[in-house]
Amino acid sequence: MRLCVDYRQLNKQNLTSHSHSHSHSHTLILSAPMDPSCLTWTSSISSTTPITRSMKFPTDTTPKPPLLPFRVQSLKRSSKPQSPGLVKDPKKDLSRILRTEAAISGVEHKGNSWKNTTLWPKAVLEALDEAIKGLRWQAALKIFALLRKQRWYEPRCQTYAKLLMMLGKCRQPEEASLLFEIMLSDGLNPTVDAYTALVSAYGQSGLLNQAFSTVEDMKSVVDCMPDTYTYSILISCCAKFHRFDLIEQVIAEMAYLGIKCNSVTYNTIIDGYGKAGMFEQMENSLMDMLENGNCQPDIFTLNSFVGAYGNGGEIDKMEKWYDEFKLMGIKPDIKTFNMMIKSYGKVGMYEKMKSVMDFMEKRFFSPTIVTYNTVIEVFGKAGEIEKMDEKFKKMKHLGVKPNVVTYCSLVNAYRKAGKIDRVDSILRHVENSDVVLDTPFFNCMISAYGQAGDLKKIGELFLAMKERKCEPDSITFASMIQAYNTQGMTEAAQKMENMMITAKESFGTKLIGC
């Protein structure tokens with residue numbers, strides 16, 4: 001579902017908001033394998049950010065009927081990482097999330113009425129800021145439409161720039177383009193920041209031609225010449241889509257315009273080459289950085305090298321460059337150690353993995369949720385269930401709160417080990433917690449129960465996804481189709497395949513092959 005905002009009418013201060021009603025059915029008796037025809041989605045759901053993690057939120061404030069047996073609260077999952085060290089009072093965090101959710105939903109609900117033109121500025125602005133931080137682009141644009149109706153509203157480029165950056169992160173280039181047009185219709189002169197945000201919105205979605213065209217447009221606008229940050233964003237987008245041929249072009253253009261590369265620029269290039277496994281070019285870029293004279297390697301450079309060689313299984317080179325950067329006076333941080341732990345774990349060097357954790361403890365680096373998730377994932381993939389369970393118990397004992405990534409790793413490990421009873425325990429545990437669930441978690445659970453042949457359970461989970469506003473993706477459907485085929489239910493599998501095709505048309509092209 002695209003955001004129901006008519007931008008053309010919005011330019012005339014005559015926005016029309018639409019809302020889709022959601023029908024719910026909870027009277028199904030799941031005493032036998034469920035017919036896939038019952039597993040239909042009656043609401044139109046939009047595709048947002050690629051589903052590495054889901055960012056959907058319920059905005060309907062009307063009372064809901066009792067949920068299905070899978071009773072897990074659908075709360076917003078923070079885009080920020082968990083704070084390091086102990087989590088002393090998770091109830092305070094939950095309370096804050098609930099207050100923020102209520103504030104955003106309340107202001108968003110008022111956006112459905114055109115009578116609300118004198119709302120309290122602080123309430124609207126705070127709700128907009130929280131929606132932007134949470135990458136809730138539909139809610140943010142709806143609140144922004146409400147903001148523009150207020151009598152006290154004054155257009156500001158800074159607000160537009162923040163919204164454009166959010167839309168870039170959410171891969172919504174079309175909405176970003178329309179929003180930029182609205183900014184111009186408000187009589188604002190675009191700033192470098194606003195243009196750069198638009199470049200990012202195009203580039204992060206792979207629309208590199210539009211990104212380069214926008215940079216060209218900047219050159220013809222007064223006081224909007226692209227700067228080092230603009231070109232760094234452009235380089236980052238080129239590297240992300242492995243268009244390294246364009247990076248040389250960007251560097252040459254910067255030199256022609258007299259714009260010098262800074263540490264951010266070089267780190268962006270180094271990180272891009274590293275993630276692509278182009279180690280020689282990565283090292284050459286470091287040499288260019290050192291020869292520049294004005295730029296010095298920093299912790300981001302170190303982490304790019306450690307991450308690149310570690311992910312590539314080049315442990316000797318990872319250790320070599322770790323020592324080299326230490327000689328340069330660059331101290332590792334918690335991210336460095338987490339990457340080293342993962343790298344050692346991937347190649348089965350558990351003793352070295354343990355030595356890193358011991359070193360962290362001696363140097364007072366408190367393991368974070370990322371640290372424990374990394375170790376749990378490593379042991380889980382290696383089939384070391386006892387060691388994995390030991391780390392899971394330890395993290396809870398130390399007060400580090402497990403998140404959805406933790407549970408995904410546990411479920412995957414138990415599934416591979418054939419311990420479906422342990423998957424049941426995870427399911428019961430999350431029912432009684434405030435863990436924020438997403439599509440990848442449901443995919444793990446569906447895959448586990450599908451492998452065990454429990455068709456009733458995967459049907460319940462599929463319906464629970466709808467309740468939690470988690471969009472099924474290609475992995476969801478593939479797991480269910482495989483489960484039905486394995487049990488000889490070819491007709492049911494075909495129905496699921498047809499549903500997948502229908503869902504593709506409803507959700508957009510991001511569903512299949514995502």
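A residue counts as buried under 20% relative accessible area, as exposed over 50%, and as partly exposed in between. The structure described here is a predicted model.

His 242 sits in the loop between helix 9 and helix 10 (244-257). The relative accessibility of His 242 is 49%, so this residue counts as partly exposed. The backbone of His 242 also stands out. Its phi is positive, about 55°, although the residue is not a glycine. Most residues other than glycine have a negative phi. Asp 223 gives a second case, with a positive phi near 60° in a residue other than glycine. This residue lies in the loop between helix 8 (208-219) and helix 9 (228-240). At 70% relative accessibility, Asp 223 falls in the exposed class.

Cysteines were examined next. A search of the whole structure returned 0 disulfides. For Cys 157, the closest cysteine sulfur is that of Cys 224, at 8.2 Å, which is too far for a bond. A disulfide would require the two sulfur atoms to lie within 2.5 Å. Cys 157 is buried, with a relative accessible area of 13%. Cys 224 is buried as well, at 0% relative accessibility.

Aromatic rings were then paired. The whole structure holds 15 aromatic pairs. In one of them, Phe 144 and Tyr 153 have ring centres 6.5 Å apart. Their planes meet at 85°, so the pair is edge-to-face. Phe 144 and Tyr 153 are both buried. Another pair is formed by Phe 305 and Trp 321, with ring centres 4.8 Å apart. Here the planes are at 50°, so the pair is tilted. This pair links distant parts of the chain, as its members are 16 residues apart. Phe 305 belongs to helix 13 (residues 299-311), and Trp 321 belongs to helix 14. Phe 305 and Trp 321 are buried too. They are also part of a wider group. Ring pairs join Phe 279, Phe 305, Tyr 309, Trp 321 and Phe 325 into a cluster.

Helix 14 (residues 315-327) also contains Glu 319. The side chain of Glu 319 makes a polar contact of 2.6 Å with the side chain of Tyr 344. Neighbours within four places in sequence aside, Glu 319 is in contact with Tyr 344 and Lys 352.

Helix 20 was considered last. This helix covers residues 420-431, 12 residues in total. From its first C-alpha to its last, helix 20 reaches 17 Å. That span is close to the 16 Å expected at 1.5 Å a residue. Its buried residues are Val 423, Ile 426, Leu 427, Val 430 and Glu 431. Seen down the axis of helix 20, these residues fall within an arc of 140°, so they line one face of the helix.

Technical notes. Residues are numbered from 1 along each chain as its sequence is written. This is a predicted model: local features need pLDDT of at least 70, side-chain atom pairs count only at pLDDT 80 or more; totals for chains, interfaces and linings use all residues. Side-chain values use heavy atoms; hydrogens and water are left out. Helices (H or I, at least four residues) and strands (E, at least two) are DSSP runs, numbered from the N terminus. The expected span of a helix is 1.5 Å times one less than its number of residues. Buried means under 20% relative accessible area, exposed over 50%, partly exposed in between (1.4 Å probe, protein chains only). The arc is that of the directions from the helix axis to the C-beta atoms. A polar contact is a pair of N or O atoms within 3.5 Å; within protein, one must be able to donate a hydrogen and the other to accept it, and residues adjacent in sequence count only if both atoms are side-chain atoms. Contact means heavy atoms within 4.5 Å. Rings of Phe, Tyr and Trp (its six-membered ring) pair if their centres lie within 6.5 Å; planes under 30 degrees apart count as stacked, over 60 as edge-to-face and the rest as tilted.
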